[in-house]
Each structure stands twice: as C-alpha cells, then as structure tokens.
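Work through the exercises below with the sequence and the model open. Each task is followed by a solution in steps.

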Amino acid sequence: MRTLFDEIKMEFGDAIEVGPYFTVGDEFQCVVSDPSELFRAYLHLRLRSPVRFRCGLGIGEIEGTVTSDDAMRGKAFYRARDAIDASKKKDKNVILKSNDHPNLFDIMFNAHLSVTSDIEDHWTQRQAEVVKRYLLLNRPKYEVLANHFNTSTQSISQVIIASRLHLMDEVNDVINLMLDDERVLGLRKVKTLEKNKSSKNA
C-alpha cells in the first residue's frame, strides 16, 4: 500500500496536498486540493489496491497548516469521517459528503457511486482479473489480453461485455461531470480565512 501511495503522489502531483498516509490501524487518508481529481484518485487507488477497502470522500474547508498532518482539521475531514461511517452502516464501498445537510448533489452523486460499486461487486473473479488488467494497461487491443491470459480475443470480448464495463464508464463520466459542475467550482479555489490566514478548500 505504501508503494501505491507513492504512485498516487507521482500520478496526481500538485493536486495531492497531503498523503496518502496511514493514520490509525489500517485506516489511511489523503488531501486532494481539486474535487475534480478526487474521484480519479479514488479509482486509481481502488484499481491498484491489493486489498478491498471502504472510502469516505469529504469536500469542504481545511484549517491549519497543509504541510503538517497533525495541525489540519476542518469540514473536509469531518465530512469524510461521516461518509466512511455511513459507508459501513449502509454496506457501501464509497460515499461522498459535500455538505452538513442532505442535498440533491450528494444524493445523486452517491446514487451513481452505488451503480458502479454494484457492477464491480458482481464481477466474477475472471471478470475482475480481465477488466483490471485491461484498465491498468490503458485499454489495449483485445489481442494483448488474449496473449496474457492465453485465450482467444473472442473470449476476452465476451468477458468485457459481461462485466458491463461500458455501463460503468458511462456512470463514471457522469460522476466526473458532476465534480466539474459550477456548483462545485468554488470548492476548488484556495480560500484564506481573515481570522488565521490558513484555511483552504479540498
């Protein structure tokens, strides 16, 4: 996992403010400065992680010094904690919370997340192996996968179709559009509180 964390830092560069790093036990957290990169970072982790994990995504202010893990606090962290608690209660892989009160954006966003999670949860072991390899190699021609798995291109095609990857792609495109929505745009801009000059959004 620590090797994967290093890959995340390399892949997302300046969008990663802090982490990923382990906190308590097997829990870890990461601060992403741009919500439009948030879901992509989650997918990167989920696709490459050697273990299954639950994830709470929180959008909001961060107070404190970004360079110091212990000094940070704020609504982004509180909402992420609420989201991970909700994911456990509802038996969901991932939940997002962008507000302290129920709102249409979160409801719609989490409904789309449920669709992608449900598709993944119903993959057979074979489908998971083929689809993850396909995505990790940036969607190569089926011949590449056929050679790797010592099978035919027709077999690979059938597995990809049965995995409903096309539907997952459509849903993920909608999720990314929602994070690019103008209603979330303000959350992507660094803001400083007049009080302590050390608050920003993530």
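The model is predicted, so local features need pLDDT of at least 70 and side-chain atom pairs count only at pLDDT 80 or more, while totals for chains, interfaces and linings use all residues. Residues are numbered from 1 along each chain as its sequence is written, and side-chain values use heavy atoms, with hydrogens and water left out.

**Exercise 1.** Describe how helix α2 packs on helix α8.

Step 1. Locate the elements: α2 covers residues 35-48 and α8 covers residues 165-179. Helices are DSSP runs of H or I with at least four residues, strands are runs of E with at least two, and both are numbered from the N terminus.

Step 2. Take the geometry. The axes are 7 Å apart and the angle is about 150°. Axes are lines fitted to C-alpha atoms, for helices over the stretch in contact, and angles run from 0 to 180 degrees between N-to-C directions.

Step 3. Classify the angle. Because over 145 degrees counts as roughly antiparallel (under 35 is roughly parallel, 65 to 115 roughly perpendicular, the rest oblique), α2 is roughly antiparallel to α8.

Step 4. List the contact (heavy atoms within 4.5 Å). α2 contributes P35, S36, F39 and L43, and α8 contributes N172, I175, N176 and L179.

Step 5. Sort these residues: 5 are nonpolar, 3 polar and none charged. Here Ala, Val, Leu, Ile, Met, Phe, Trp, Tyr, Cys and Pro count as nonpolar, Asp, Glu, Lys and Arg as charged, and the others, Gly among them, as polar.

**Exercise 2.** How are the rings of Y42 and F53 arranged?

Step 1. State the rule: rings of Phe, Tyr and Trp (its six-membered ring) pair if their centres lie within 6.5 Å; planes under 30 degrees apart are stacked, over 60 edge-to-face, the rest tilted. The count is 8 aromatic pairs.

Step 2. Apply it. The centres of Y42 and F53 are 6.3 Å apart and the planes stand at 85°, so the pair is edge-to-face.

Step 3. Place the residues: Y42 is in α2, and F53, 11 residues away, is in the loop between α2 and β3 (55-58).

Step 4. Check burial (under 20% relative accessible area; exposed is over 50%, partly exposed in between; 1.4 Å probe, protein chains only). Y42 is buried at 5%, and F53 is buried at 12%.

Step 5. Extend to the cluster: ring pairs link F5, F22, F28, F39, Y42 and F53.

**Exercise 3.** Is E120 buried or exposed, and what does E120 contact?

Step 1. E120 lies in helix α4 (residues 104-121).

Step 2. With a relative accessible area of 16%, E120 is buried.

Step 3. Leaving aside neighbours within four places in sequence, E120 is in contact with R46, R52 and M168.
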